[in-house]
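User: Hi! Could you walk me through this model? I'd like to start with how you use your terms.

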Amino acid sequence: MAHTNFLFTSESVSEGHPDKVCDQISDAVLDAFLENDIKLGIADDSKVNTRLGCETLATTNKIVIAGEGRGQAPFFHKHGDKAVVDRELIAQIARNVVKDIGYDQDGFSYYGADVEVLLHGQSPDIAMGVDAKKKKSGDEEGAGDQGMMFGFACTESEVYEKNSFMPAPIFFAHKVLKVLSDKRRAGQLFDLQPDAKSQVTVRYVNGKPVGCTKVVVSTQHNAQSRNGKKYTPGLIKEMIADAVESALPDGWMPKKSSDFLVNPTGNFVVGGPDGDCGLTGRKIIVDTYGGYAPHGGGAFSGKDPTKVDRSAAYAARYLAKNVVAAGIAERCTIQIAYAIGVADPMSVLVETHGTGKVPDSKLEKILAELFPLRPTNIRRTLKLSRPIYRRTAAYGHFGRAPEKDGGFSWERTDLADAIKRAVK
């Protein structure tokens, strides 16, 4: 950012947003494949069998799942020289996701939607370039695609949430919707429905976030309450105001009613995939840094960890976060680029935006030595061969707490001490 005093806006969408429904279905299919490999004993933290690029489309009572992959029975069966997918099993995974999100509406229902499965076997040309090859240093997988990936971290959210290291606008845009979702699921806001969006505008003074100037929430709701009262935007605003305020730091909730907008176009009864067609991978800015930092060329959901669109973006975030956690910089952006089938990255760039305590070029060398950015090392070190992906597909892939089963492993700060020592 060139300015020190400015406004910045980020948006988030809930787990019931049409695009997020699709992201979650794609990642639930991936989780099922990975879990099956572990049960069969053909995958663990050191190796992975599954290959998957799964895309989902959702519209009025229709779900289409397409893409290519490799897996074991019961999901894939051999039919001659072709791999054939069990469509009923995949369809049931999709229905379970829709049910969990909470869709049981005339236009989109977990039991009423028609699910079409068009998954097929992975291209042997792609598999040949990606599958691990014997090298002097051991087996090495090639990158699952070409492209560039970015990771980012900063200190500005640390005052409000320790170890988040995220830009404040996207952090609080996510939090607003997560609070509303939790209260809906707990029955405290039972007249809300799953589809929702938020937008938070943060004021920066001397480069630091100091409060919100605008908060926008659009949330799907029932047409009328259980006592028969018809809902209006004003009533929905009264219903959710306390919940929204609880998601923000003290004093951040806009004071003027005109600066807190709820369903500004009117009632929001028809929503989800019935109101707007959804697609996997269409919310990549929501998934990452809310536009505050660069995003690479590819989305994440539905892609197995050999695909660097996903795994290298996680690795870049891991390294950037550890640089900032080590106190080496207040802000850090990392770019990595790959060629398909090649293990070593084409380039690595570290940028600390003038906040670094050592030259960026020195950090580039240190990070490459501490954490080689080959796909195999990324996958093994961050333990990405586990069924941990559906939970990433709503409320952001970054800024979340690491979990005991390995979920959000790229949010750990266990490399910070090693970086400190290497810098000294």
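Analyst: Buried means under 20% relative accessible area, exposed over 50%, and partly exposed in between (1.4 Å probe, protein chains only). This is a predicted model, where local features need pLDDT of at least 70, side-chain atom pairs count only at pLDDT 80 or more, and totals for chains, interfaces and linings use all residues. Residues are numbered from 1 along each chain as its sequence is written, and side-chain values use heavy atoms, leaving out hydrogens and water.

User: Great. Is R310 buried or exposed?

Analyst: R310 has 1% relative accessibility, so R310 counts as buried. R310 sits in helix 8 (residues 308-325); helices here are DSSP runs of H or I, at least four residues, and strands are runs of E, at least two, numbered from the N terminus.

User: Which side chain does the R310 side chain make a polar contact with?

Analyst: That of D27, at 2.9 Å. A polar contact is a pair of N or O atoms within 3.5 Å; within protein, one must be able to donate a hydrogen and the other to accept it, and residues adjacent in sequence count only if both atoms are side-chain atoms.

User: Switching topic: how enclosed is helix 4?

Analyst: Helix 4 is largely enclosed by the rest of the structure, because 13 of its 18 residues are buried.

User: And what comes just after helix 4?

Analyst: There G187 takes a positive phi of about 85 degrees.

User: Last one: what order do the strands of the open sheet have?

Analyst: The four strands run 1-10-11-12, with mixed pairing; two strands pair if DSSP finds at least two bridges between them. Strand 1 (6-13) and strand 12 (260-262) stand at the edges with a single partner strand each, so one side of each lacks a neighbour in the sheet.
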